[in-house]
Amino acid sequence: MALERQVRAKIAGKRDLEKDKEAQYWIEEVLGEKFPAGVLYEDALRDGLILCKLINKLEPGAVSKINTSGGQFKMMENINLFQQAIKKYGVPDLDVFQTVDLYEKKDIAQVTSTIFALGRACYKHPQFQGPFLGPKPADECKRNFTEEQLNAGQAIIGLQAGTNKGATQAGQNIGAGRKIILGK
């Protein structure tokens, strides 16, 4: 039982309430509606309805059937549909939370991290005009060199690694030598 408590404490320590608020504000801005009053962030997201509405706002028709009623399996299905849709939208698989992280509130920090990853993926979709969440991902900066430029670079000795001007480490001993005794 002590190990379980340690794991829960470690996961709870990763959670940043400011990031949760920032993610909630972004979701509210994109959807154009506030979270239900008096409901915690994780409880509002738990059934997957808000998440499915969010991805449908970013990519219309991404989740065709949103379950609004039913038992826990229907609500977990909403979360799974959201996860599949954001992967297609461009969120890397390693940034997507597990269903139990949200539904059973095991790792809300990972859920928030996924929402930030979705916010970053929005930059790659020019049809989305904002608001954006998180920093803009770097674009590729491909360089094209001519064959002449590449050949000229081979004649230069690069000093990126530095120079030792002929010095070596020969003869240096730091501390006592290692003694290996065989046969004992």
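1. Helices here are DSSP runs of H or I with at least four residues, numbered from the N terminus. By that rule, threonine 99 belongs to helix α6, which covers residues 99-103. The model is a predicted one, and the points below should be read with that in mind.

2. Overall make-up. The chain contains 8 helices and 0 strands. Read from the N terminus, the order of elements is α-α-α-α-α-α-α-α. Of the 184 residues in the chain, 30% are buried. For contacts between residues at least 6 apart in sequence, 49% join residues at least 24 apart.

3. Threonine 99. Once neighbours within four places in sequence are set aside, the contacts of threonine 99 are Met76, Ile79, Asn80 and Gln83.

4. Helix α2. This helix spans residues 17-31. It has 15 residues and reaches 21 Å from its first C-alpha to its last, close to the 21 Å expected at 1.5 Å a residue. Buried in α2 are Asp20, Ala23, Trp26, Ile27, Glu28, Val30 and Leu31. These buried residues pack against α3 (41-45), α4 and α7. After α2 comes glycine 32, with a positive phi near 80°.

5. α2 against α4. Helix α4 covers residues 49-58, and its axis lies 10 Å from that of α2, at an angle of about 55°. The two helices are therefore oblique to each other. The crossing of α2 over α4 is left-handed. On the α2 side the contact is made by Trp26, Ile27, Val30 and Leu31, and on the α4 side by Ile50, Lys53, Leu54, Lys57 and Leu58.

6. α4 against α5. Helix α5 runs over residues 72-89 and packs on α4 at an angle of about 25°, with the axes 9 Å apart. Angles under 35 degrees count as roughly parallel, so this pair is roughly parallel. The crossing is left-handed. From α4, Leu49, Leu51, Cys52, Ile55 and Leu58 meet Asn78, Phe82, Ala85, Ile86 and Tyr89 of α5. Leu58 is named in the contact with α2 as well as in the contact with α5.

7. Asparagine 78. This residue lies in helix α5. How accessible is asparagine 78? Its relative accessible area is 0%, so it is buried. Its side chain reaches the backbone oxygen of aspartate 47 at 3.2 Å. Apart from neighbours within four places in sequence, asparagine 78 touches Asp47, Gly48, Leu49, Cys52, Ile66 and Asn67. Among these, Leu49 and Cys52 are also α4 residues in the packing of α4 on α5.

8. α5 against α7. The axes of these two helices come within 10 Å and cross at roughly 35°. α5 passes α7 in a left-handed crossing. Phe82, Ile86 and Tyr89 of α5 make the contact with Thr114, Leu118 and Ala121 of α7. Phe82, Ile86 and Tyr89 are also listed where α5 meets α4.

9. Helix α7. Residues 108-121 form this helix of 14 residues, which reaches 20 Å from its first C-alpha to its last, close to the 20 Å expected at 1.5 Å a residue. α7 is mostly covered, with 11 of its 14 residues buried. Those buried are Ile108, Ala109, Val111, Thr112, Thr114, Ile115, Phe116, Ala117, Leu118, Gly119 and Ala121. Thr114, Leu118 and Ala121, which contact α5, are included in that buried set.

10. Lysine 105. This residue sits in the loop between α6 and α7. Most residues other than glycine have a negative phi. With a relative accessibility of 39%, lysine 105 counts as partly exposed.

Note on methods
Residues are numbered from 1 along each chain as its sequence is written. This is a predicted model: local features need pLDDT of at least 70, side-chain atom pairs count only at pLDDT 80 or more; totals for chains, interfaces and linings use all residues. Side-chain values use heavy atoms; hydrogens and water are left out. The expected span of a helix is 1.5 Å times one less than its number of residues. Buried means under 20% relative accessible area, exposed over 50%, partly exposed in between (1.4 Å probe, protein chains only). Contact means heavy atoms within 4.5 Å. Axes are lines fitted to C-alpha atoms, for helices over the stretch in contact, and angles run from 0 to 180 degrees between N-to-C directions. Angles under 35 degrees count as roughly parallel, over 145 as roughly antiparallel, 65 to 115 as roughly perpendicular and the rest as oblique. A crossing is left-handed if the near helix is turned anticlockwise from the far one by less than a right angle, and right-handed if clockwise. A polar contact is a pair of N or O atoms within 3.5 Å; within protein, one must be able to donate a hydrogen and the other to accept it, and residues adjacent in sequence count only if both atoms are side-chain atoms.
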